[in-house]
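Here is a short briefing on a protein model. Look at the chains first, then read the points below.

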Amino acid sequence: MGNTLTIKSVSKFRGDIQVLQDVDLVIAPGERLALLGHNGAGKSTLIKAILGLTPVHQGSIQICGAAPGSAEARRTTAFLPESVSFHPALTGREQLTLFARLSGAGADVAGLLDRVGLSDALDRRIGTYSKGMRQRLGLAQVLLGRPKLALLDEPTSGLDPISRQDLYAIIDELAAQGTAILIASHALTEVEARTDRIAILRNGVKVADDTLAALSRAADLPTRLRITAQSDQIEQLTAQIGGRRINGAALEITCSADQKMAELRRIAAMGDAIVDISMTPPRLEDLYRHFSKEDSR
Amino acid sequence: MMIPRALSIAQSEMLILRRNRWLFMATLIMVLFALALTFAGSAPTGSLGVDMLTISVASMTTLSVYLAPLLALMMSFDAISGDLDRGSLSLLLSYPPSRTEILVGKFLAQLAALSFAMIVGFGTAGALATWSGGSGPESLLALARLIATSILLGAVFLSLGYMVSALAGSSTAAAGMSAALWLIFVVLFDLGLLGAVVMDQSGYFTQTIFPWLMVANPADAFRVWNIAASDAVALSSGMTGAASALPGWAAPGSLLLWPIIGLTLARIAFGRVEP
């Protein structure tokens with residue numbers, strides 16, 4: 001079984017600006033890929049190119065062997081646009097029924113709406129829905145007809161934390177049934193534990209593409225220590241410890257994993273001048289920043 | 001597969017037109033205007049020697065030139081830009097239906113709504129005139145012609161509305177462009193022609209080019225068709241000259257061709273939309 005999505009050295013220009021540059025990307029069946037990047041990094045453009053909504057100028061994209069935008073590709077692909085809305089005059093059930101008919105899949109519309117937690121709002125007009133409810137409705141249409149590829153653009157935007165848990169539970173179910181999933185996001189902390197692989201786009205260039213563990217090793221990022229001091233002693237402490245002042249009462253130092261305990265002992269020895277210490281191991285955000293910066297050098 | 005998917009879209013659009021009371025409002029407007037013109041226009045019946053419905057068809061023809069394009073544009077201007085604004089256009093386009101199917105689906109629903117409003121509105125006028133004894137076979141035929149041509153005229157401006165909606169990029173811009181479109185086709189075009197005729201002083205332009213230019217505009221073709229086809233309507237509307245200078249097929253040809261031109265332009269414009 002080959003990859004569900006295969007992108008080979010895709011480039012795209014918008015006027016003189018190159019919005020995608022030699023991007024390669026594959027997603028296997030059942031794999032969950034997080035596509036990270038700033039606004040304007042090319043995530044949405046890449047998704048639109050996969051959907052065949054915008055042409056690419058070089059390279060090729062294949063969805064289960066089919067060209068983007070072809071009838072075959074459209075049948076196998078599900079899509080959740082960023083902060084989508086629907087016609088306010090229709091009810092959730094009517095909107096989803098339309099999508100079911102258009103997709104050609106006989107679907108249990110009420111069941112799907114129940115699955116995303118909209119069973120109470122089934123016959124209410126979408127105009128009365130909150131942003132989170134509209135997002136859930138958008139998610140319900142992704143589940144129509146067992147897609148082979150699901151493209152989710154900022155799926156967590158507008159969702160409260162509990163809804164996010166539900167969302168990732170649904171994504172896991174999709175993956176378990178063999179759907180290849182691409183999640184474009186800048187909600188870094190959430191995709192961390194919820195995806196199999198992470199790709200980072202920066203100015204249209206893919207700067208990283210690996211598992212979180214492998215990326216952490218490659219980046220070898222330092223742990224950060226944030227030290228809060230008595231406000232009248234911060235000057236003196238900064239001179240002693242070094243590091244970077246955060247505000248009137250705190251400073252931050254970075255150290256590699258093996259120096260961490262030595263640093264902690266040194267700071268603890270300073271006694272009452274220290275009010276608090278917090279320690280942050282390298283996280284996705286740091287990785288993201290690391291790989292984003294690397295390119296600009 | 002193509003037709004059922006277009007019909008699914010049409011069904012959903014129809015639901016929207018009913019929900020947001022568009023269907024009701026359009027029908028109400030047509031009924032009120034038709035009734036007002038039937039009663040207000042019934043005064044000169046005796047002096048012209050035609051029946052009540054003929055007079056009212058003549059007034060309603062003049063009214064429909066303005067109203068049919070207006071209602072059509074108001075229905076269609078956000079057909080594509082509305083979905084674009086809501087962010088649901090990219091989603092719709094990721095589904096199997098082609099852009100042609102989406103366009104056809106919306107067109108079918110909105111044309112059905114417009115037809116309903118026209119038939120009920122003008123039909124009410126006809127029924128009322130018949131009930132009060134002011135109609136005959138000829139005037140009923142003229143009424144049927146008015147309804148059919150009003151629907152065709154509506155179809156033209158629905159399709160032009162889709163074109164504008166696709167070109168505009170947002171509903172706000174589409175609304176502005178629709179207003180401009182209406183003004184050009186319904187008001188400014190005629191004013192321009194009138195000015196040219198006055199300048200020309202019955203020269204070559206007035207004799208030869210002017211009738212063709214006039215009938216090239218769907219709104220004028222609508223007027224000419226309705227007037228040329230019925231002597232009584234022509235008499236009561238006081239417009240005979242220009243219509244008689246053209247072959248009989250010119251106005252119907254123009255009005256039948258325009259929806260096809262409009263839909264083709266709309267499809268091309270829609271094809272260029274990148275959601």
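Helices and strands here are DSSP runs: a helix has at least four residues, a strand at least two, and both are numbered from the N terminus. By that rule, chain A holds 11 helices and 13 strands. The model is predicted.

**Chain A overall**
- The C-alpha trace of chain A spans about 70 × 45 × 35 Å along its principal axes.
- Chain A has 297 residues, and 41% of them count as buried.
- Take the contacts in chain A between residues at least 6 apart in sequence: 68% of these join residues at least 24 apart.

**Where chain A meets chain B**
- Here 25 residues of chain A are in contact with 19 residues of chain B.
- On the chain A side, H1 (43-51), H2 (71-76), strand S5 (77-80) and H3 (92-103) each supply at least two residues.
- H3(A) gives the most, with 6 residues.
- By class, the chain A side has 12 nonpolar, 7 polar and 6 charged residues.

**A helix pair in chain B**
- Two packed helices are described by the angle and the distance between their axes.
- The axes of H7(B) (residues 99-131) and H8(B) (residues 137-168) come within 9 Å and cross at roughly 150°.
- Angles over 145 degrees count as roughly antiparallel, so H7(B) and H8(B) are roughly antiparallel to each other.
- H7(B) passes H8(B) in a right-handed crossing.
- Residues of H7(B) that meet H8(B) include Leu103(B), Phe107(B) and Gly126(B).
- On H8(B), Leu140(B), Ser150(B) and Tyr162(B) are among the residues that meet H7(B).
- This contact has 15 nonpolar, 6 polar and no charged residues.

Definitions and conventions: Residues are numbered from 1 along each chain as its sequence is written. Chains are lettered from A and ligands numbered from 1 in the order in which they are written. This is a predicted model: local features need pLDDT of at least 70, side-chain atom pairs count only at pLDDT 80 or more; totals for chains, interfaces and linings use all residues. A residue is buried if 20 or more other C-beta atoms lie within 10 Å of its own, exposed if 12 or fewer, and partly exposed in between; C-beta atoms are placed from the backbone. Two residues are in contact if their C-beta atoms, placed from the backbone, lie within 7 Å. Ala, Val, Leu, Ile, Met, Phe, Trp, Tyr, Cys and Pro count as nonpolar, Asp, Glu, Lys and Arg as charged, and the others, Gly among them, as polar. Axes are lines fitted to C-alpha atoms, for helices over the stretch in contact, and angles run from 0 to 180 degrees between N-to-C directions. Angles under 35 degrees count as roughly parallel, over 145 as roughly antiparallel, 65 to 115 as roughly perpendicular and the rest as oblique. A crossing is left-handed if the near helix is turned anticlockwise from the far one by less than a right angle, and right-handed if clockwise.
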